[in-house]
Amino acid sequence: MTEKTIAKSAVLMAVIVLATVIGYETALRVKGMPISYDDNPALWANSRKDALEDQQHSVVFVGSSRIKYDLDIPTWEAQTGMRAVQLAHVGSNPIPMLEDLANDEHFKGNVVVDVTEPLFFSDLPFMFEKPAAGITYFHERTLAQQASFEINRLVESQLVFLDKDNFSMNARIDRLFIPNRPGVFGPPIFPEEFAMTQFDRQTCMTDRFAHDTSQVNVVRGIWAGMLKAKMGPPLTDAQIDAIVRNVKKSTDRIKARGGKVVFVRTPSSGPFLQGETMGFPRARYWDKLLRMTGCQGVHFQDHASMSNLPCPEFSHLDQSDAKKYTIGLASVLQQMQWIPGQKRLLTNL
């Protein structure tokens with residue numbers, strides 16, 4: 001093959017690749033898909049770094065997916081004048097994140113811990129994988145990885161198709177429907193517009209998803225399947241006490257350095273409305289957690305500003321109600337004097 005032929009082949013390949021990329025990106029934008037970042041260990045580590053900056057005027061949020069959806073960071077910062085650092089992980093137990101902050105002698109800030117009972121009071125290994133990956137990456141990341149992250153950030157902020165969780169080739173293949181066989185079950189396939197991640201790690205469902213009954217019902221069906229799945233026998237009192245004592249070690253260490261910790265129970269609807277319905281009676285779990293740790297708590301059912309916010313798919317708020325919940329939560333924490341008084345008076349949007 002001559003050099004001229006190779007050059008022509010290279011040019012042709014470049015044109016094909018460029019046309020494919022432009023076509024794919026254009027199709028996604030015409031469809032109305034927003035920019036969404038990969039919520040990977042590198043992005044978590046970037047937020048974890050922020051947890052050590054200006055701690056007096058910041059609040060760190062740890063938990064699972066509910067606080068990622070239900071906290072609206074711009075609304076929080078406008079309401080309180082305090083920066084929000086989002087460290088929660090979807091589908092994960094937040095206790096390792098709390099422990100990581102407690103073990104960091106440089107951290108003496110404010111922590112809001114979101115409690116989703118089936119995740120918080122669990123020792124299933126897969127619920128610890130994402131927190132462990134993020135924590136390890138943060139403590140071991142190299143200068144080269146940090147530089148790579150900044151480059152990726154610039155590129156991801158401009159191109160929709162770089163959302164690896166939704167639009168990569170592997171993601172598209174994973175979304176192909178393959179019927180379950182006896183004893184063999186594939187992972188749940190969530191609609192693309194159910195989970196969009198912003199650079200600050202806030203997650204949201206698009207407005208189009210929230211108003212699309214068919215898409216909402218897909219997620220409700222996934223939750224229904226998970227409710228039917230056997231997650232192990234109910235915890236004994238001794239097991240609950242052991243979990244809470246472990247949590248208390250972390251909260252005590254943070255408070256001993258001058259920090260503050262508050263637990264929150266974020267909104268849920270339908271079959272997720274009552275802890276009792278899911279086998280997590282409030283007195284046995286939530287009340288015990290507050291009593292044994294000596295920390296304050298904000299349960300959504302105790303406050304009119306939060307108790308009537310509906311979750312479209314029963315477990316997470318849409319963007320509009322996330323703003324209302326954030327205003328309500330901030331107001332309650334201000335009334336408790338857990339954070340300073342209102343910087344700016346906002347009303348439910």
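Trainee: At what angle do the axes of α2 and helix α7 cross?
Mentor: This is a predicted model, with residues numbered from 1 along each chain as its sequence is written; local features need pLDDT of at least 70, side-chain atom pairs need 80 or more, and totals for chains, interfaces and linings use all residues. Side-chain values use heavy atoms, without hydrogens and water. Helices (H or I, at least four residues) and strands (E, at least two) are DSSP runs numbered from the N terminus, while axes are lines fitted to C-alpha atoms, for helices over the stretch in contact, with angles from 0 to 180 degrees between N-to-C directions. The axes of α2 and α7 (residues 129-140) come within 8 Å, and they cross at roughly 65°.

Trainee: Is the crossing of α2 and α7 left-handed or right-handed?
Mentor: Look at the near helix: turned anticlockwise from the far one by less than a right angle, it gives a left-handed crossing, and clockwise a right-handed one. The crossing of α2 and α7 is right-handed.

Trainee: How many nonpolar residues are in the contact of α2 with α7?
Mentor: Contact means heavy atoms within 4.5 Å. P41, A42, W44, A45, R48 and K49 of α2 meet A133, G134, I135, Y137 and F138 of α7. Ala, Val, Leu, Ile, Met, Phe, Trp, Tyr, Cys and Pro count as nonpolar, Asp, Glu, Lys and Arg as charged, and the others, Gly among them, as polar. By class, this contact has two charged, one polar and, as nonpolar residues, eight.

Trainee: Which element gives the most to the lining of the second largest pocket?
Mentor: A pocket is an open set of points on a 1 Å grid over the protein atoms alone, where a 1.4 Å probe fits, with protein on both sides within 12 Å along at least five of seven lines; lining residues have an atom within 4 Å of a point. The lining includes A42, L43, Y137, S148 and F149. Two elements give two or more residues, α2 (41-50) and α8 (143-156). With six residues, the most comes from α8.

Trainee: Which strands are at the edge, each pairing on one side only?
Mentor: Two strands pair if DSSP finds at least two bridges between them. Five strands form an open sheet with parallel pairing, in the order β2-β1-β3-β6-β7. The strands pairing on one side only are β2 (83-86) and β7 (296-299).

Trainee: What is the bridge partner of V62 in β3?
Mentor: β1 (residues 58-62) and β3 (residues 110-114) pair in the parallel sense over four bridges. In β3, the partner of V62 is V113.

Trainee: At what angle do α5 and α13 cross?
Mentor: α5 (residues 95-103) passes α13 (residues 237-256) in a left-handed crossing. Their axes come within 8 Å and cross at roughly 35°.
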